[in-house]
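Colleague: I would like to learn how to read the features of a protein model from its geometry. Could we go through one together?

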Amino acid sequence: SFDGLFLSNGPGDPTMCAKTVEHVKYVMKHRPDTPIFGICLGNQILALAAGASTYKMRFGNRGMNQPVVDLRTQRCYITAQNHGFAVDQTTLPQHWVPLMVNANDGTNEGIIHSSKPWFSVQFHPEAKGGPTDTDFLFNYFLQFIAEPTASVVTTMPYSLPTLYRKVLVLGSGGLTIGQAGEFDYSGSQAIKALKEAGVMSILINPNIATVQTSAGMADRVYFLPVTPEFVVKVIEREKPDGIFAAFGGQTALNCAVKLYQAGVFEKYNVKVLGTQIDAIMKTEDRDLFSKVVDACGEKIAESSCCDSVPDAVKAAEKIGYPVLVRAAYALGGLGSGFAYNEEDLKKLVNVALVNSPQVIIDKSLKGWKELEYEVVRDKNDNCITVCNMENFDPMGVHTGESIVIAPSQTLSNDEYYRLRQCALKIIRHLGIVGECNIQYAVDPHSSEFRIIEVNARLSRSSALASKATGY
């Protein structure tokens, strides 16, 4: 008596397991509602029992970093594999479809029945290469056992990518805090990528002392300020198909938000490439960001958004001193600092409100460890963490005045993966497409952590991660 059949991994040629294949056939014939889940050799045995065939691969797939694409969602997972045989998915009988495919060599990585609770994968989800990316497969199996009624499976057909003829790049601008050399670096990489893709690049950047404005980089350069009025004029003249807003620092980001709010992109039919403006606004507006984090079941420091000095004073009294004063939509933390009393608070808020329409009063986490994760996500929801970094100094010392170490040195393995899992959850919920970073405050004396912020753009940390990892 059993509720489900699990076909485990194993070595060798699956055709040598003839008796096992016959047992699986018997279960499929006489107990069609019993869930079946196979892994590795189990994938090949299930395929043979279904009536498909297998073959010996030339080299086999072995290692911890094999990319596998789920054909239902087009999402890519990094998996662990160790096999020399594969299922020939062209021989799958009626009602069976490929579930996953290897992104490197196109070999089959799983099969599933279109209406029965039978499925299998070629890789090892139990090896936790992600480490938790594919553990949902075990949940599927348990769910089928609890409710043995499988739903119809639909795989996604391949769709050709949208072609862009001309893309406008908002450049790094003048060298100031929040848009310095790191954005010349990232913008140059974006222009190179456009060139490789055969897309014409139009650059707006008033700073002649940059690599991205050099001859041979962008196809056309406008030495104009990165402000809405000048960007609109360039759009009217060049008529681009798309625009990059995440490669020019905070100035470019703020400019793109204003253009979006004014309806410029819709009017001139310009597609924002990468992270969409509404997601950017959620990361920049601390009140909206707090709601996003709360919806994901995570925590930020206790905070309050204010637009006047009296409101800030009330918020600080409620939260309790010391507090951290932060300006929204600001360059590199401009106007931010710690306030230990009302006098300190008023000075900081007055400066912050000059540079930003909104000021945030946060509970002080001074002394906690400060860490960052660099995350890249594509439009198909494939998501990776390029690396993580740890500030040498604790919270209370600005990142720009500290030493940053990549990778982190003081996190346990459990802490590392817990923060990684949180990063992927937040970034996916926001819908960020492209590169971003998420910053954490971690209590050195417990397992508690708080999310500080998400930068939905390239940053100084992004340039460091690129140089440190080669990615």
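Predicted model: local features only at pLDDT ≥ 70, side-chain atom pairs only at ≥ 80, totals over all residues.

Colleague: How are two packed helices described?

Modeller: The description uses the angle between their axes and the distance between the axes. The axes are lines fitted to C-alpha atoms, for helices over the stretch in contact, and angles run from 0 to 180 degrees between N-to-C directions. Helices (H or I, at least four residues) and strands (E, at least two) are DSSP runs, numbered from the N terminus. Here, helix α5 (residues 228–238) packs against helix α6 (residues 249–261) at about 70 degrees, and their axes are 10 Å apart. That makes α5 roughly perpendicular to α6, given that angles under 35 degrees count as roughly parallel, over 145 as roughly antiparallel, 65 to 115 as roughly perpendicular and the rest as oblique.

Colleague: Which residues of α5 and α6 meet?

Modeller: From α5 come Pro228, Val231 and Val232, and they meet Cys255, Lys258 and Leu259 of α6; contact means heavy atoms within 4.5 Å. By class, five residues of this contact are nonpolar, none is polar and one is charged. In this scheme Ala, Val, Leu, Ile, Met, Phe, Trp, Tyr, Cys and Pro count as nonpolar, Asp, Glu, Lys and Arg as charged, and the others, Gly among them, as polar.

Colleague: At what angle do the axes of α10 and α11 cross?

Modeller: The axes of α10 and helix α11 (residues 342–355) cross at roughly 135 degrees and come within 10 Å. That makes α10 oblique to α11. Among the residues in the contact are Val309, Ala312 and Val313 of α10 and Leu345, Val349 and Leu353 of α11. The contact of α10 with α11 has seven nonpolar, one polar and three charged residues.

Colleague: Now to sheets. What should I keep in mind about the side chains of a regular strand?

Modeller: They alternate between the two faces of the sheet. For pairing, two strands count if DSSP finds at least two bridges between them. Four bridges join β13 to the antiparallel strand β16 (residues 359–363), and serine 303 has aspartate 362 in β16 as its bridge partner.

Colleague: What is the strand order in the five-stranded open sheet?

Modeller: The order is β19-β18-β17-β20-β21, and the pairing is antiparallel. Strand β20 (residues 434–442) is joined to β21 by six bridges, with tyrosine 440 partnered by isoleucine 451 in β21. Helix α13 (residues 460–469) lies across β17 (369–377), β18 (383–391), β19 and β20, running at about 105 degrees to β18.

Colleague: How many salt bridges does the structure hold?

Modeller: There are 16, where a salt bridge is a side-chain nitrogen of Lys or Arg within 4 Å of a carboxyl oxygen of Asp or Glu. One of them pairs aspartate 133 with arginine 420 at 3.7 Å, N to O. This pair links distant parts of the chain, 287 residues apart: aspartate 133 is in the loop between β7 (118–121) and α3 (136–146), and arginine 420 is in helix α12 (residues 413–430).

Colleague: And the backbone: what holds for most phi values and peptide bonds?

Modeller: Most residues other than glycine have a negative phi, and most peptide bonds are trans. Cysteine 40, not a glycine, has a positive phi of about 60 degrees. In the hairpin of β3 and β4, with five residues between the strands, glutamine 74 in the turn has a positive phi of about 70 degrees. The peptide bond from tyrosine 321 to proline 322 is cis, with omega near 0 degrees, and proline 322 lies in the loop between α10 and β14. Another cis peptide bond joins alanine 406 and proline 407, where omega is about -5 degrees.

Notes:
Residues numbered from 1 in each chain as written. Heavy atoms only, no water.
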